[in-house]
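The sequence and the structure are shown first, and the main points follow, grouped by topic.

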Amino acid sequence: MKQVGALAACPAAVARWTRSPTAYRRRCYDAQVKFPRAFAALPLLALVALLFSACVSVENPQGWGSPAFTPNAVYYQESKDHLSGAALAPDGAATRSWVFPDKNNPLDKEVKLKAIYGAPVVDGDTVYFSSFAGGVFALNKDTGRPIWRVSSGFSGDIVGGVAFGGGKLAFGTTDGDVYVVDAKDGKPAAGWPRGGVSFKKGVWAAPIIAGDLVYVASMDGTVDALKLSDGSRAWPKAFSATGAIAELRVLDDAHLFAPSLNKHVYILNRADGTVAQDFRAQDWVWGGAAFENNSRTSGISRDTSTHST
C-alpha cells in the first residue's frame, strides 16, 4: 500500500501536539476529502475517513460519521451536515427513505448541523445522533422527523457520537464536558450534574455506557469511569497518558481499548482503570480494534500501519 500521511494537512501541528499535548491547543478535525455517496452504505466508511483524517480549522469541520445498520435499513451521513435513512433490499440495494435536515421541509430551514462525526445509534423506532454545531437529535427511524432536540444547556461543539444505555444518552464536547440526558425526551438525566462532568480538555471520543458506568476519554490523555446515576468517579484514580486519546472502545467484559497520539495503545482494566497491556506503535494511533483468533488488531497509525497484540 502506498503510504498516506493521515495528517498531511498539518503534520507539524500534530507533531507538536504529540510531543506536548498540554501546550498545543489548536483543534484538529479532518481533511476535506469527498467520497462517492455509494460508500455511505459500507461499514468501512469510518476506517476510510480515519485514513485521511487531518487538520482543518474549527470553522470548517467536514465530519466523518460512520453508518449504522439494522437488518432492513442503513442510517448514514449523506453529506457533512445531513443524515439519511435508506431501506435495504435482500440483494443489498439501498433506497433512500429520508434525509435530515430536509431542504424541502420549512420546519428544517433553521437546522444547521455543520458536520456529523459520530455514528448514529438505533434503538427501537428511534435514531439518535449528534452534530458538530446543531446539538443532539432523536429522529423517527422511518420518517427522519425529529422527536426531540438538545441544542442548548451544554458548552462547546460535539465531535464524538452519542452513547446509549439504560434509557439514557451520553455525549462529550470540545470544551471537555460530558452530559447525560434521558433518551425518551432529551431532558437532563436525574442525578447527573446539569453543568456536565468536566475534563481538562475536549472529549472527542464518544463516551461508552456499559451497565451502570460511563467510560470517557479526553484529549488531555485521561480515561475515567463515571457512575451513570450521578456522574461521580467510579475508579480510585483516572488513567492518564502523555498523549491525547481520541478514541475509546470496549474490548470485552474486562477491558477497554484506548489508543493514543503518544504512539501507545493501552488496554485498560475496566474494573479500576489500571493498565493490563501497553503496546508501542510506530506512530500515533487513532481508531478502533478488531479481533481474530483471540488477538487484537489495533487502529490506524499515522503511517497507516495496523498492529496486532
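**Strands and their pairing**

Strands S2 and S3 are connected by a hairpin of two residues. The structure is a predicted model, and its secondary structure consists of two helices and 24 strands. The chain has 309 residues, of which 53% count as buried.

- Strand S2 covers residues 73-79, and six of its seven residues are buried, which leaves the strand mostly covered.
- On one side, S2 pairs with strand S3 (residues 82-88) in the antiparallel sense, over six bridges.
- Within this pairing, Ala73 is placed opposite Ala87 of S3.
- S2 also pairs with strand S1 (residues 68-70), again in the antiparallel sense, and three bridges link these two strands.
- Here Phe69 faces Val74 of S2 as its opposite residue.

**An open sheet of four strands**

- Four strands in the order S9-S10-S11-S12 make up an open sheet with antiparallel pairing.
- Its edges are formed by strand S9 (163-165) and strand S12 (197-198), each of which pairs on one side only.
- Strand S11 (residues 177-182) runs antiparallel to S12, and two bridges join them.
- One of the residues involved is Val178, whose bridge partner in S12 is Val197.

**Backbone features in loops**

- The peptide bond between Phe100 and Pro101 is cis, with omega at about -5 degrees.
- Pro101 belongs to the loop between strand S4 (94-100) and strand S5 (121-123).
- The loop between S4 and S5 also contains Lys114, which has a positive phi near 75 degrees although it is a residue other than glycine.
- Is Lys114 buried or partly exposed? Its relative accessible area is 33%, so Lys114 is partly exposed.
- A positive phi of about 75 degrees is found at Lys263 too, which is not a glycine.
- Lys263 lies in the loop between strand S18 (255-259) and strand S19 (264-269).
- Because its relative accessibility is 28%, Lys263 counts as partly exposed.

**Aromatic rings**

- How many aromatic pairs does a search of the whole structure find? The search finds 13 of them.
- Phe129 and Phe137 form a stacked pair, because their ring centres are 5.2 Å apart and their planes meet at 10 degrees, an angle under the 30 degrees that counts as stacked.
- Phe129 and Phe137 are both buried.
- One aromatic cluster is made up of Trp64, Tyr117 and Phe132.
- A charged side chain is also placed over a ring: Arg233 lies over the face of Phe199, at 5.0 Å from the ring centre.

**The chain as a whole**

- Among contacts between residues at least 6 apart in sequence, 43% join residues at least 24 apart.
- The chain exposes about 13,900 Å², and carbon and sulfur atoms supply 51% of this area.

Methods
Residues numbered from 1 in each chain as written. Predicted model: local features only at pLDDT ≥ 70, side-chain atom pairs only at ≥ 80, totals over all residues. Heavy atoms only, no water. Buried < 20%, exposed > 50% of the residue type's maximum accessible area, 1.4 Å probe, protein only. Pairing = 2+ DSSP bridges. Contact = heavy atoms within 4.5 Å. Areas by Shrake-Rupley, 256 points an atom, 1.4 Å probe, with all protein chains shown as cover. Phe/Tyr/Trp six-rings, centres within 6.5 Å; stacked < 30°, edge-to-face > 60°. Lys NZ or Arg CZ within 6 Å of the ring centre and 35° of its normal.
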